Amino acid sequence: MEKKIYELILKNRSYRGYDEARSITEDEILYFIDCARLSASSVNKQPLKYLPLFEKEDTDKMLPLTRWARGLPQMKLPHDGMAPTGYIVICLDMNIADSENAFPKDIGIAAQSILLAATEAGLGGCMIGNFTPSEVKQAFSLPENISPKLVVALGKPAEKIVITEIENGDDTNYYRDENDVHYVPKRKLKDVIIYEK
């Protein structure tokens, strides 16, 4: 059995360092949004709207509005000179959605579709939930009915991420070594399968 999607998932990590020399084009970012648009939506309501940011002026404006890597509070990430060169802000259209907390599955599915498409294109990204929606809304003059829910950073990865397997009960917190290599502990397959008794 070919494992193309498996390989894509392995490459699709939460990158927090990018090659700023590689910009994201409008065509690329619209393709990633198109992949999200065509993904599954609860009761096919399609309440999501997307803010594409790929011009340097806009990406520079977005960076300070995001807070990265809560699991590494002692570090400032991304490091200087390693910022994303694109973002997609996934928003709820409150003229369509029933409430501010509606459609969390749609948001997750859309973000994963964006990131898998970016990974396939040789890029990478990171989902960022740690931001203040009102600040993003004000910074980019979003209409009243548009509510930012998730920021997806994009760019060409410029850091090494290593997946490690851990034993049941081991710490799942990610960490970095003295060479700035990022380690992501994952539970073993046998430890996440529930067998009927």
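1. Basis. Local features in this predicted model need pLDDT of at least 70, side-chain atom pairs count only at pLDDT 80 or more, and totals for chains, interfaces and linings use all residues. Residues are numbered from 1 along each chain as its sequence is written, and side-chain values use heavy atoms, with hydrogens and water left out.

2. Strand β2. Strands are DSSP runs of E with at least two residues, helices are runs of H or I with at least four, and both are numbered from the N terminus. Of the 8 residues of β2, 8 are buried, so the strand is largely enclosed by the rest of the structure. Here buried means under 20% relative accessible area, exposed means over 50%, and partly exposed lies in between (1.4 Å probe, protein chains only).

3. The two faces of β2. In a regular strand, side chains alternate between the two faces of the sheet. On one side of β2 are Gly86, Ile88, Ile90 and Leu92, and on the other Tyr87, Val89, Cys91 and Asp93, all of them buried.

4. Partners of β2. Two strands pair if DSSP finds at least two bridges between them. β1 and β2 run antiparallel and are joined by 6 bridges; leucine 53 stands opposite tyrosine 87 in β2. β2 and β4 also run antiparallel, with 8 bridges, and isoleucine 90 stands opposite leucine 150 in β4.

5. Lysine 49 and aspartate 93. The structure holds 12 salt bridges, each a side-chain nitrogen of Lys or Arg within 4 Å of a carboxyl oxygen of Asp or Glu. One of them joins the side chains of lysine 49 and aspartate 93 (2.7 Å, N to O). Lysine 49 is in strand β1 (residues 48–53) and aspartate 93 in strand β2 (residues 86–93), 44 residues apart. Lysine 49 is partly exposed at 37% relative accessibility, whereas aspartate 93 is buried at 5%.

6. Glutamate 159 and arginine 176. Their side chains form a salt bridge (2.8 Å, N to O). Glutamate 159 is in the loop between β4 (146–155) and β5 (161–166) and arginine 176 in strand β6 (residues 175–176), so the pair ties together parts 17 residues apart in sequence. Both residues are buried. Glu159, Arg176 and Asp180 are linked in a network of salt bridges.

7. Lysine 190 and aspartate 191. This salt bridge spans 3.1 Å, N to O. Lysine 190 is exposed, at 54% relative accessible area, and aspartate 191 partly exposed, at 22%.
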